[in-house]
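Have the sequence and the 3D view open side by side as you read.

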Amino acid sequence: MRTVERVLCDVFLCSLCWCAALCVLPSVLADADEASLLGGWQDVWLFRLFLNVLGYATIIIPGYFLISYFKRINYLETGRGLCFPVIKTCVFGNESKTGLLDDASSVARNESESSSSARQAVKLFFCAAGLQASYLTWGVLQERVMTRSYGATELEGSGERFRDSQFLVFMNRILALTVSGLWCVLLKQPRHGAPMYKYSFASLSNILSSWCQYEALKYISFPTQVLAKASKVIPVMLMGKIVSRKSYEYWEYLTAVLISLGVSMFLLSSSTGKHSSTVTTFSGVVILGGYIVFDSFTSNWQDNLFKYKMSSVQMMFGVNLFSCLFTVGSLLEQGAFFNSLAFMMRHSEFAMHAVLLSVCSACGQLFIFYTISQFGAAVFTIIMTLRQAIAILLSCFLYGHAVTLVGGLGVGVVFLALFLRIYARSRVKKSSKRPPQTPVQKV
């Protein structure tokens, strides 16, 4: 276990080094057209990323020294006083580990299987409708906030755009923290075993992946981003091969190749288009690559954390707790927190969009947990794959993204490969009867 954690820590540090290396690269990575529009360093995404990472470091570095100090003095044996329970929970936790918590979800699925078909159909419709409504609305609002102006009038001109992606990440996380916290208080949860600081690794990578996700929309179209998310199975497989020494079946490699082919077809066709909203810039590709790398690490680290006895909602609470701590600290240090609040005061429409974005994110995560507990991961994956396809169509309809014939064929190849993965995985699980793992933190 500790060997795996050490390897994961090394991979995570490499990811941070990748991030730091990007920060010292010259700003020529931005396209020439983009560079001409930059009004200052605050408009350069590399500089904003550097400031964000610097803000997180002011919290991580002191925390690292405190944790090392408490472990060095063997505080678990010598510590006393009011702070002892807090320090024990944060630094040491309950070191006993158990298997993944599949009992609750298995019981729920067994109960649901014994219920009537009509009731099952109603539950399935409720789950599908909740997931589609939450994440389709979230996707539309995400594109609206990051790519459109607020306060545009005939007299004042084109209005102003909201620039701070980190504030949107904070808004999502603070509401998710509140919802998961209330869930843990109101409903019985298993005894928590993991040291709290271990959530910080997944939290930090999740913040960076979410920031990249929002920031990328300034440089690429939303359909391109959705396809990139669909293709993240490729770096996840690579990360699993490197970190966890996992082996994969032939059909997994085949579908990964098909996904790569489909994404390449879409990107190459959209890059030659003349529609301004579909142009994929080099900056967008780099940021999107950062999203995929950090998101791949997040899922692998969370899988590792599930070896402790915890529920998915406890995982949601722990990750969001550190996410709020990191983002609010960085925003306050940059002075961006109050600037974002001032933007909300100037534009009530943006305030409504930001709050609704957070509500959709938090509700979507709860629908994820409920759907998996009732119907399993296979049904959930089918629903979310359909959601991605609908999101592309909805974005093209609402925001006028042009898709060529080759690009449309590429989209079809990607989703064909995804459904092939779902079918093959379901066949393998039926033969092996291995319990599925729960996906966590999808935003």
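In this predicted model, Ser 323 touches Arg 173, Ser 203, Asn 206 and Ile 207, leaving aside residues up to four places away in sequence. Ser 323 sits in helix H14, which covers residues 312-334. With a relative accessibility of 0%, Ser 323 counts as buried.

**Salt bridges**
- The count of salt bridges comes to 4.
- Glu 215 and Arg 48 pair through their side chains at 1.8 Å, N to O. This pair links distant parts of the chain, with Glu 215 in helix H9 (residues 199-216) and Arg 48 in helix H3, 167 residues apart.
- Glu 215 is buried at 0% relative accessibility, and Arg 48 is buried at 11%.
- Glu 349 and Arg 144 form another salt bridge, their closest N and O atoms lying 3.6 Å apart. Here helix H16 supplies Glu 349 and helix H7 (residues 117-147) supplies Arg 144, 205 residues apart.
- Glu 349 is partly exposed at 38%, whereas Arg 144 is buried at 14%.

**Helix H16**
- Helix H16 runs over residues 348-375, and its 28 residues reach 40 Å from first C-alpha to last, close to the expected 40 Å.
- Because 20 of its 28 residues are buried, H16 is largely enclosed by the rest of the structure.
- Gly 376 follows H16 and has a positive phi, near 90 degrees.

**A backbone detail**
- Asn 74 is not a glycine, yet its phi is positive, about 55 degrees.
- Asn 74 lies in the loop between helix H3 (45-72) and helix H4 (75-78), and is partly exposed at 39%.

Definitions and conventions: Residues numbered from 1 in each chain as written. Predicted model: local features only at pLDDT ≥ 70, side-chain atom pairs only at ≥ 80, totals over all residues. Heavy atoms only, no water. Helix = DSSP H or I, 4+ residues; strand = E, 2+ residues; numbered from the N terminus. Buried < 20%, exposed > 50% of the residue type's maximum accessible area, 1.4 Å probe, protein only. Contact = heavy atoms within 4.5 Å. Expected span 1.5 Å × (residues − 1).
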